[in-house]
Amino acid sequence: MNDKNKIIIIGGGYGGLKAIEKLSKYKKNEILLFDKNAYHFMQTDVYELIANEKDFAKVSVDLFTYCKGFDDNVTFYKQEVDNIDFMNKKVITSTQRYSYDYVIIAVGTRTKFLPSIDGLKEYAHGVKALHRAMYFKQKFEMSLFKKVEESGSKCTPLNIVVAGGGLSGVEISAQMASFAKEFYYNNNFLCRKLNIILVNSSKKILKGMDEYLATESEKRLLDLEVNIKNNVKVTSMTAHDVTVSNGENIPMDFMIFAGGIEPNGLIYKLALEKNERGFVNINEYLQVDTYKEVFAIGDCATLYNKGQFVAPTADVAEQMADVCSENIMNLVNKKELKKHNIKSRGILIALGRRYAVGKVFNFYIKGYIAFIIKKLIEKNYFKKLDRQSKKGCDKIFE
Ligand SMILES: Cc1cc2nc3c(=O)[nH]c(=O)nc-3n(C[C@H](O)[C@H](O)[C@H](O)COP(=O)(O)OP(=O)(O)OC[C@H]3O[C@@H](n4cnc5c(N)ncnc54)[C@H](O)[C@@H]3O)c2cc1C
């Protein structure tokens, strides 16, 4: 008889990897990780990828070698999960059905290219997937190069529209503006006209976030000469322009859409209770209510703490993974489950080279110091995963 606890984790993002780290410590746990990609993508570092400060290898971790680095109780399957048969406890991929004792759904979100906006899906770029972020980075670089080529002749401005004044839209606008400024300045190019237009549907950027962070971020964007258009929405676009809700037509070279997210496709297929935006409803133990052995963590689930919505971040996804892992072990050991008390521990917003603003454990910070703290957090995160991955690599090649 197999006395192992078979745990399937779907999604090797921030939540999924943290759950592996916790659950793999128990030798009786047999962990199967499924991801549709062969790598973990560090979305929090996208701004550095765009600014050429990191290449794709430094914002991703190979999931095969990462899982191999554990003591043989973790296996990675590069397979997209198509559905889950909750009654028979089986995870279904296009090739096979895998049984489980416990399952953790950690599939995150994707950019929601709203069908109501004509041309959006065809012409806009997203950054939530690595291949899209890479494509956008190349496009950005090529556009800068085209301006260099125009030096000496007519110099037309490069217009980049960023739709969405949330965290990712703000970080990307700031990073592109400050990168381009330095690029032109350091290289003495004549043609240096770059316009970044941030289209934001609310009265102020970073809606719902701390007032100080929103105000400081706006100041920084204005210093970087980002043109912020508040209170307007993109209504349609073509390959060359964007129309917004006040009727204005903005000519553009390319547009990044950071104006909406939705749960990854799998969530739509699952016969589970969801909220009006399609995110999985979970209880205070992070289980779905109908099945005690099914947990949902990270961005694909909606989290409340004492009735207050907890905004999804990488940090929150990791905290959810901690609680969920503990509760799986509580179920295994027939112990009482732990109620979560997850709160945001802080947020750091990258606003261009060597500048960030943030709130960490209730302290506000800004400027270079905030940037350094953000860098240190990212570096430590990557180092930990990289060490594990190296261990796996050594095992494979020894
Ligand atoms: C530009 C940008 C900047 C950000 N900056 C910050 C920041 O500074 N700080 C912060 O805390 N957060 C930040 N975030 C948010 C953070 O990245 C997310 O909160 C975090 O990634 C959520 O982690 P997760 O584990 O829920 O999902 P993800 O990290 O998105 O991982 C989900 C995984 O599931 C896999 N998957 C999806 N569907 C399937 C399927 N059907 N079968 C198998 N695998 C599947 C995906 O391939 C992926 O690997 C930022 C996000 C963006 C886009």
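Helices (H or I, at least four residues) and strands (E, at least two) are DSSP runs, numbered from the N terminus. Two residues are taken to be in contact if their C-beta atoms, placed from the backbone, lie within 7 Å. Axes are lines fitted to C-alpha atoms, for helices over the stretch in contact, and angles run from 0 to 180 degrees between N-to-C directions. The structure is a predicted model, in which local features need pLDDT of at least 70 and side-chain atom pairs count only at pLDDT 80 or more, while totals for chains, interfaces and linings use all residues. Residues are numbered from 1 along each chain as its sequence is written.

The protein chain is divided into domain 1 (5–36 + 79–111 + 262–344) and domain 2 (120–259), with bounds that come from an automatic or database domain assignment. Between the C-alpha centres of domain 1 and domain 2 the distance is 35 Å.

Two strands pair if DSSP finds at least two bridges between them. Strand E1 (residues 5–10) runs parallel to E2 and is joined to it by 6 bridges; lysine 6 has glutamate 30 in E2 as its bridge partner. Strand E9 (residues 102–105) and strand E22 (residues 291–296) are also parallel, with 3 bridges, and isoleucine 105 stands opposite alanine 296 in E22. By contrast, strand E21 (residues 287–288) is antiparallel to E22, with 2 bridges. Here glutamine 287 faces phenylalanine 295 in E22, and a hairpin of 2 residues links E21 to E22.

A further open sheet consists of 5 strands in the order E11-E18-E12-E13-E14, with parallel pairing. Strand E11 (124–125) and strand E14 (227–229) are its edge strands, each pairing on one side only. Strand E13 (residues 194–199) is connected to E14 by 3 bridges in the parallel sense, and valine 199 is partnered by lysine 229 in E14. Helix H6 (residues 167–187) lies across strand E12 (158–163), E13 and strand E18 (254–257), at about 170° to E13.

The crossing of H1 and H9 is right-handed, meaning that the near helix is turned clockwise from the far one by less than a right angle. Among the residues that meet are Tyr14, Gly15 and Lys18 in H1, and Ala314, Ala317 and Glu318 in H9. The residues of this contact comprise 9 nonpolar, 2 polar and 4 charged. Ala, Val, Leu, Ile, Met, Phe, Trp, Tyr, Cys and Pro count as nonpolar, Asp, Glu, Lys and Arg as charged, and the others, Gly among them, as polar.

The ligand has 33 residues around it, of which Gly11, Gly13, Gly108, Gly298 and Thr313 come nearest; a residue is near a molecule if its C-beta atom, placed from the backbone, lies within 6 Å of it. H1, strand E2 (29–35), H6 and H9 each supply at least two residues of this shell. Its composition is 13 nonpolar, 13 polar and 7 charged residues. The ligand lies between domain 1 and domain 2, because both give residues to the shell around it.
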